[in-house]
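Here are some notes to read with the model open beside you. Take the points in order and find each element on screen as you go.

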Amino acid sequence: MSARDLTLLLALKDRTPYTFRWMAYHNFIRLPFRVFVADGGADECVPAALSERAGFPNLDFEYVRYPYDATCAQYYAKLADALERIHTPFVALADNDDLFVVKGLQQSIEFLASHPDYSACGGQCAVFWIHPDQADADADVLYGPRIEWKCSLERTSLTDDTASARLLRLPRRTAHAVFYHVRRTEDLRRELRLIRDAAPQ
């Protein structure tokens with residue numbers, strides 16, 4: 001398995017400064033995986049910046065502008081369509097305020113490739129908040145110098161013997177295996193088709 005076997009699906013709905021930080025960080029570290037940017041936001045500066053690859057030359061990414069995510073049904077339709085366009089065997093859903101560690105993604109790919117009975121693999125999620133100094137209203141909340149709080153999540157695996165037991169354990173976790181974890185693309189594609197067709201409100 002190689003880095004060409006994974007696509008990160010970055011699902012956008014505005015929060016534009018976070019989008020540009022996400023792209024700049026992964027461009028800086030020379031992210032070896034493909035990125036599919038599914039933009040359901042309203043900010044016109046995003047398509048202007050991401051329609052051309054020149055601004056992020058170290059990223060292999062495709063940008064698609066979708067209709068505005070006004071409803072849950074539109075959001076899930078966007079994800080379902082994006083997954084139809086992704087052809088790598090593995091995929092991970094991404095938010096624009098979360099950054100990835102390459103080695104962890106590589107290890108997740110290797111694990112899934114050698115364990116066909118597993119549907120997802122991910123590591124701990126390190127959480128930190130950057131707050132500006134209360135006295136400085138102009139402080140940068142995206143690149144502030146102070147990390148106020150941090151912790152690690154995701155210390156247990158969902159490996160119960162039955163699907164019902166795994167579902168019961170899922171809400172007890174701070175995050176879940178749909179976002180951030182590496183998934184088999186065909187599995188997630190099938191799940192998103194079902195959600196899209198249900199058109200949740």
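1. Start with two strands. β1 and β2 lie parallel to each other and are paired through six bridges. Keep in mind while you look that this is a predicted model.

2. How many of the residues of β1 are buried? Seven of the seven, so the strand is largely enclosed by the rest of the structure. You can check this face by face: L6, L8, L10 and L12 are buried on one side, and T7, L9 and A11 are buried on the other.

3. Next, the nonpolar cores. The largest one has 26 residues, and L6, L8, M23, V35, V37 and F61 have the most contacts inside it. At least two residues of this core come from each of β1, α1, β2, α2 (45–50), β3 (60–65), β4 and α4. There is also a second, separate core of 16 residues, with Y66, A80, L83 and L93 among them.

4. Setting aside neighbours within four places in sequence, L8 is in contact with W22, L31, R34, V35, F36, A92, F100 and L105.

5. Over to helix α3 (residues 72–85). Its 14 residues reach 20 Å from the first C-alpha to the last, close to the 20 Å expected at 1.5 Å a residue. Buried residues in α3 are A73, K78, L79, A80, A82 and L83. What covers them? The cover includes β1 (6–12), β2 (34–39), β4 (90–94) and α6 (185–198).

6. Last, a residue in helix α4 (residues 102–114): G104. G104 counts as partly exposed because its relative accessibility is 32%. G104 and C121 are 17 residues apart in sequence, and their C-alpha atoms are 9.6 Å apart in space.

Methods:
Residues are numbered from 1 along each chain as its sequence is written. This is a predicted model: local features need pLDDT of at least 70, side-chain atom pairs count only at pLDDT 80 or more; totals for chains, interfaces and linings use all residues. Side-chain values use heavy atoms; hydrogens and water are left out. Helices (H or I, at least four residues) and strands (E, at least two) are DSSP runs, numbered from the N terminus. The expected span of a helix is 1.5 Å times one less than its number of residues. Buried means under 20% relative accessible area, exposed over 50%, partly exposed in between (1.4 Å probe, protein chains only). Contact means heavy atoms within 4.5 Å. Two strands pair if DSSP finds at least two bridges between them. A nonpolar core is a set of buried Ala, Val, Leu, Ile, Met, Phe, Trp, Tyr and Cys residues joined through side-chain atoms within 4.5 Å.
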